[in-house]
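Here is a friendly walk through one protein model, written for someone who likes to know the cut-offs behind each term. Please keep the structure open beside the text as you read.

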Amino acid sequence: MRRAGSVYAAVLAAAAFVVCWLCLSAGPSWAADEEDSRVILFSGRDIWRNGASMYGGMMFAAPGHLDEDGFLLKVLLSGGLYRYNTGNVEGGEVIGAETTIQVLPGFRMKRGNLEAKFFFGPDIEQHRLWPDDPGNNLRGHAVGLRVAFDIWYEPTATTMAAMDASLSSIATNNSMRLAFGWRVLDNQFYFGPEIAVFSSEGYRHLRLGAHFTAMKTGGTEWTAAGGWAGDSDGRASPYVRLGILQRQ
């Protein structure tokens, strides 16, 4: 069972990597035409002591472009590995592998220096556990609904505040992140603190760290973060997160 789990996990990670690579290699990005962009391709990686994940996807605006108020469609595919403690199995530790697909219609609104995006749609998840944990509702195949929002605010020309949150009907797994930042190094990017919370039934995860946001190299925009993470199992370690996006 452990060997089968390792093979499945390797295939899962490879699939997630391919999706992320495809998202970043789908075509050139024209930085000069950012205001007329209709598609954002994005990808990211996240790792800490008890888990690692990768994701890739796209956001599409129709019939206008991404800087206009109106309809958006967000498609996200992610995969990863994680572990947790439980009293339901011998040995007390469970290794999990997950894949998720989210297809989220939504809309964008901008009022002055405040921009908000809202999404709602189907959430399809698969969780494989080794050994099987009958007390965990995040196991096997599940289809649910997810609601999410992203808020970006620039109170001054050199500061930013951001908040994003996501809630699924599947085992009520959810996340929230809050960040502040100041433009540094001749306004090349924002730097500041962040706090994030992830949870599901019977599990909590908290992060405190710092982020670099909106670093641009050519037509690619980068986000990176790192800090300290701890969970309700009493485990703690540094975490690292990297995100990349391109406008088409």
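The report below goes from the overall fold to the core, the charged pairs, the aromatic rings and the surface.

**Ground rules**

This is a predicted model, in which local features need pLDDT of at least 70 and side-chain atom pairs count only at pLDDT 80 or more, while totals for chains, interfaces and linings use all residues. Residues are numbered from 1 along each chain as its sequence is written, and side-chain values use heavy atoms, with hydrogens and water left out.

**Overall fold**

In sequence order the pattern reads α-β-β-β-β-β-β-β-β-β-β-β-β. The chain has 248 residues, and 41% of them count as buried. Here buried means under 20% relative accessible area, exposed means over 50%, and partly exposed lies in between (1.4 Å probe, protein chains only).

Contact means heavy atoms within 4.5 Å. Among contacts in the protein chain with a separation of 6 or more, 51% come from residues 24 or more positions apart. The accessible surface comes to about 12,900 Å², with 64% of it belonging to carbon and sulfur atoms. Those areas come from the Shrake-Rupley method with a 1.4 Å probe, and for residues only the protein chains shown count as cover.

**The largest nonpolar core**

A nonpolar core is a set of buried Ala, Val, Leu, Ile, Met, Phe, Trp, Tyr and Cys residues joined through side-chain atoms within 4.5 Å. The largest one has ten residues: Ile40, Phe42, Met59, Ala61, Leu66, Leu72, Leu76, Leu104, Phe119 and Ala148. At least two residues of this core come from each of β1, β2 (51-61) and β3 (70-85).

What does Leu72 touch, leaving aside its neighbours within four places in sequence? Its contacts include Met59, Ala61, Leu66, Leu104 and Phe119, along with Arg108 and Lys117.

**Charged pairs**

Side chains of opposite charge can pair when their charged atoms come close. A salt bridge is a side-chain nitrogen of Lys or Arg within 4 Å of a carboxyl oxygen of Asp or Glu, and by this rule the count comes to 13 salt bridges. Three of them are set out here.

| Asp46 | Arg207 | 2.7 Å |

Take the salt bridge of Asp46 and Arg207. Asp46 sits in strand β1 (residues 39-48) and Arg207 in strand β10, so this pair ties together parts that are 161 residues apart in sequence. Asp46 counts as buried at 16% relative accessibility, and Arg207 counts as buried at 5%.

Asp123 lies in strand β5 (residues 114-130) and Arg146 in strand β6 (residues 140-153), so the pair links parts that are 23 residues apart in sequence. Asp123 is buried, with a relative accessible area of 0%, and Arg146 is buried at 6%.

Elsewhere, salt bridges that share partners join Asp69, Arg108, Arg111, Glu115 and Lys117 into one network.

**Aromatic rings**

A pair of aromatic rings is described by the distance of the centres and the angle of the planes. Rings of Phe, Tyr and Trp (its six-membered ring) pair if their centres lie within 6.5 Å; planes under 30 degrees apart count as stacked, over 60 as edge-to-face and the rest as tilted. The structure holds seven aromatic pairs. Tyr82 and Tyr84 form a stacked one, at 6.4 Å centre to centre with 20° between the planes. Tyr84 counts as buried at 10% relative accessibility. Phe107, Phe118 and Phe149 form one aromatic cluster.

Leu178, Phe180, Trp182, Ile195, Val197, Leu206 and Leu208 make a nonpolar surface patch of about 600 Å². Patches are made of residues with over 30% relative accessible area and no salt bridge: like charges are joined within 9 Å, nonpolar side chains (Val, Leu, Ile, Met, Phe, Trp, Tyr) within 5 Å. β8 (174-184), β9 (189-200) and β10 (203-217) each supply at least two residues of the patch, and β8 gives the most, with three residues. Trp182 is found in strand β8 and is partly exposed, with a relative accessible area of 46%.

Notes: Helices (H or I, at least four residues) and strands (E, at least two) are DSSP runs, numbered from the N terminus.
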